[in-house]
Every structure is written in structure tokens, then in C-alpha cells.
Amino acid sequence: HYIVRKSSRIIPTLIALQDEPQLQGILKQAVSTGDINDWDNVFEEVSKMYPFSHKITISLDCGSDGAKEIFVPLVKDLFEGQLSPVLLRCISSFIYNYVIGLAAKRIYIGSTDEKMDKVVFYLIRDYLRENFKRLDYFANFGKEVEILPGARKEVRKTERISRRLVEVPPENEREGVYIGVDVGASKVKCVVLEDNKEVKRAMVETTLTGGEALKILITGLIREVSKGLKVSGIGLSLPGVVDSSNNKIIWLVNYEYKWQKRDSQPEANLKNDYAALNGMMDELKKEYGINNVGILNDVSSFGLASLETDKASGGVLLALGTGAGTARLEGGLIDMDRIEQSGGFVINVNEDSFFDEGCSVKGCFAAYAGESGILDISKKLGLPGIVGNGRLTAYDISKLLESERGVGYAEARRLYRELSKPIASWIKWMHRMRGDKKFMLAGGTTVGYAGNELLNGIIQILKTELEEAGVSVVLSKVDREYGGARGAALFAVAK
């Protein structure tokens, strides 16, 4: 027999989410929505309830930019039970988002529980490699991001990556003829600036048959608009990962996956596609007798146009069109050596979340806010049947809003309110991850009535949650059609 003289609450070091009554409300919400912000709320609450419980430790080595330490509660549900798959995907998505958002070169994964250290490492490492195929591209320009066990080692200072900060050139320094080309998913657009005056515009349908054909189309368009002009510089805006410092195209989001479907040996032929495009810069220099030919990411191009048009010294420009991407404006400058492929950020971790072929990621932002996401939402709402158009496009939906009457108009409004939800979710995540407070919306999806409808929906969702934090969202004044081409021309001047 024993006499109990004293009792105290036993604080667990490894908890089970489903055994905690206090968590059931927010846990149910996270499981239902799959929203990564809702799962972050769950983990925050666990950390408050049990600050001394074991954690998964993640250290990101961002080279000379330092390190980022992330801690996620280590819970039993990760290894057993019905929550195991979604928790593994959620925690891996957290890491992936931070890695591509902060351009990490190495990931160190471990645990405060030494017994679980290796188990946690191998579990998450294998999941990252298997499910996030573009991790190396989005974070490190295609070079391997190392995934290592245990604690972070000291940063190797020799790995400093130069920051190529570009600003909009003053108007009095824009003498000469500069051509800007914006290569989109469906169209290639061109602007010619002569002594800072826009003298020509052109637009052609793109080609998806391969890199050689795309090169011929681009060079032919430049040749057409430059007739009778002495060209001073050429800027090329491309969607995806490009190395502006070395004029190298690494990955084209709206093209590569379509090229892969073209034939039976996609990898070998992709090398030829990129070789043709990467040889284009030297060909243009030779043809026009200039050294000033450069490439940049398409949203960075929109960012330069925004610095000129919106007069914004800082903030995040979100461009929504076929896909989704951002440019980070810092003190009136844009870092051309940093590509933030925001379309690849995971915002939904549920098993049935949308998949984006371009980014090769399930639940990513582009899958919900890009053109494919708009069409998926329209089908979900039955909009094609309602308006009697089985081949409804994103452009058709935006035109329905202009009618301001009828069933089609009402359903299009409902669609854009649905579309505002994933955009608001992405904004909340960027605020959590980076502390961003100022957002500007641009791109084809935000044209006219559609832009206003989106903005109203986003503000309504964020009003109560982020208003006190000083987060703002506005529509950019950049030309939705030719802003990217103008930005590319300005980049040519800046070079």
C-alpha cells in the first residue's frame, strides 16, 4: 500500500493532438480547410500550452544572409493515426515554403528528442525529395539544396551571392532605342521605347512546340519592330527561373511541362530547348551590334514597371495571370538575383488539394490563383453550364462581370469571391513568414471589374484579422497587358 502525500500535473514532452480537448476546435478547422495558416495556428497553440514539449528543429542556411530557425511541435500524431499523412505533408510544406521564400542553400532537420532525431530527419527528408521536385530550382537556381541531419553548422562566408539591385533609370538617362519583350504563357508582347517615348507595341501568339521555335518567334518579333531603328538595348522578360547576372534561362514554368509532353525523351530534348534559347542572347548581340541584351524574370519586369508607375518604394507586387509570381520592392530597388517563385508556395495541405503542372506541386498557390485554378473553381460552381459555354476561359469570366446584370454576372461575382480566398490565404502566410505588410495586385486576372471584385473580397477576408497589423492590399496601376514588356525595356536601359 502507498500513501499519496502530494500530486502535481504531469507535463508531457510528446503530446497527441487528438487527446487535447483545448485543441479540438482549431484542429477541426485545420483538418477541414487544409489551410496552412490554420495549421500554423494549431502549432502556435500547442507551443503556448506546452512550451517545454519536444520539437522538430529546422535550421535554414541562407549563406551570407544568415540563418533561420524554425521549431514545430513534435507530436505523436505524426507517426500514427489518421492525422499522420496530413501532418507529414503540413510540416514538410512549412519547411519547403521557408526554403524557397528565403533562398536557403542547406536544410538541417532534427529534434530536441535525441531518440527521435534520425527518425524525424529521414521521414521529412524523404518526403521533401519525393514531393517537392522543384525545391532546388525555386530556392537555389537549380543547384541542389542539401538536406542534412542535426544542428546547423557555421555559414560558409565564401558562398556569398551578390545582390544585383536594379532601379528604374531616371528619365534623362533613357536616350536611345530600347526594346522590351515579355514572353507569356499564351502571348509574346513587345514595347519599343525611343528616347523614353513608347513608339511601338506588338503582340503575337506564342508557340509551345519547343525552344528553337520560341527563339525564332522572339527574334522575328524584335526584327519586325526594330525596322528603321538603331537599337541601343534589348530586355527579355521570361516566366520562371532565370539568372540575370549570367543571362541564363534555367526553367520556364509555362513551357517546360508542355515540352515534356511533346515526345518520348523529354529530358534529352529539354536540353536542346534551353540551349536554343540561351544561345539567343549572343545572336541578338551580334545581329544588332550591341552588348546590351539581358533577361529577367517576368514578375521582376512587372516590378520595374510598378516602381515607375506606382511610385512605390517598397512592398510585394503579386502578378496574377496564367500563373502567379511576386517581385519584392525594397527601397525603390529590385534584386534581380533573387527569384521568388510564389506560385509554388503551398497554401493547402489536404490530400484533395489542387495540383499545378507548371510548379509540380499539390496545394500550391498557382494551382488556386492561376488560370487553371480559376477554371477549376468555375467548374466547381457549374458556371460553364449556367452561361452555356462549355469552353469558358478566364477572360470570358472577367467579361461577365462587365455586364453587371443577369445570372452570369452573379455567378462570376461568386467565382471571384471564391478566388479571393486563396489569395488572402497567401497574403496571410507571407505576412507570417516574412512580415510583409504592403501588397499590390497586378497581372491579367486583375483587369477592370475583375480586379475590383478580387480586391473587395480580399479586404473583406483580411479586414478583421490583419487590419491591426497594418497590412494593406491595393491594385497596381501598371498596364496589365504591356507592363511586363515596358519593364523589360526599362531593364535594358538600366543595364
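The structure is a predicted model, in which local features need pLDDT of at least 70 and side-chain atom pairs count only at pLDDT 80 or more, while totals for chains, interfaces and linings use all residues. Residues are numbered from 1 along each chain as its sequence is written, and side-chain values use heavy atoms, with hydrogens and water left out.

The protein has 17 helices and 19 strands; helices (H or I, at least four residues) and strands (E, at least two) are DSSP runs, numbered from the N terminus. Its radius of gyration comes out at 24 Å, close to the 23 Å that the globule rule gives for 495 residues, so the protein is as compact as a globular protein of that length. Here the radius is taken over C-alpha atoms, and the rule is 2.2 Å times the number of residues to the power 0.38. Along the principal axes, the C-alpha atoms fill a box of roughly 105 × 60 × 50 Å.

Now for the sheets. Strands of a sheet pair through backbone hydrogen bonds, either parallel or antiparallel. Two strands are taken as paired if DSSP finds at least two bridges between them. Within it, strand S1 (residues 55-61) and strand S3 (residues 106-111) run antiparallel and are joined by six bridges. Isoleucine 56 has serine 111 in S3 as its bridge partner.

Another open sheet is built from five strands in the order S8-S7-S6-S9-S12, and its pairing is mixed too. Its edge strands are strand S8 (197-205) and strand S12 (293-297), each of which pairs on one side only. The twist from one strand to the next averages 15°. Strand S9 (residues 231-238) pairs with S12 in the parallel sense over five bridges, and leucine 236 stands opposite isoleucine 295 in S12. Helix H6 (residues 211-225) packs on this sheet and touches strand S6 (177-183), strand S7 (187-194), S8 and S9, its direction making about 145° with that of S8. Contact means heavy atoms within 4.5 Å, and angles run from 0 to 180 degrees between N-to-C directions, with axes being lines fitted to C-alpha atoms, for helices over the stretch in contact. Helix H10 (residues 298-309) lies across S6, S9 and S12 and runs at about 100° to S12.

Angles under 35 degrees count as roughly parallel, over 145 as roughly antiparallel, 65 to 115 as roughly perpendicular and the rest as oblique. Helix H2 (residues 36-49) packs on helix H3 (residues 84-102) at about 100°, with the axes 11 Å apart, which makes H2 roughly perpendicular to H3. From H2, Ile36, Trp39, Asp40 and Phe43 take part, meeting H3 residues that include Val86, Leu87 and Phe94. The residues of this contact of H2 with H3 split into eight nonpolar, two polar and one charged. In this count Ala, Val, Leu, Ile, Met, Phe, Trp, Tyr, Cys and Pro are nonpolar, Asp, Glu, Lys and Arg are charged, and the others, Gly among them, are polar.

Helix H15 (residues 406-434) packs with helix H14 (residues 394-403) at an angle of about 120°, their axes being 8 Å apart. H14 and H15 are therefore oblique to each other. Among the residues that meet here are Ile397 and Leu401 in H14, and Tyr409 and Ala412 in H15. This contact of H14 with H15 involves eight nonpolar residues, three polar and one charged.

H15 also meets helix H12 (residues 371-381), the two axes coming within 10 Å and crossing at roughly 125°. H12 and H15 are therefore oblique to each other. H12 brings Ile374, Ile377, Ser378 and Leu381 to the contact, and H15 brings Glu411, Arg414, Leu415, Glu418 and Leu419. For the contact of H12 with H15, the tally is five nonpolar, one polar and three charged.
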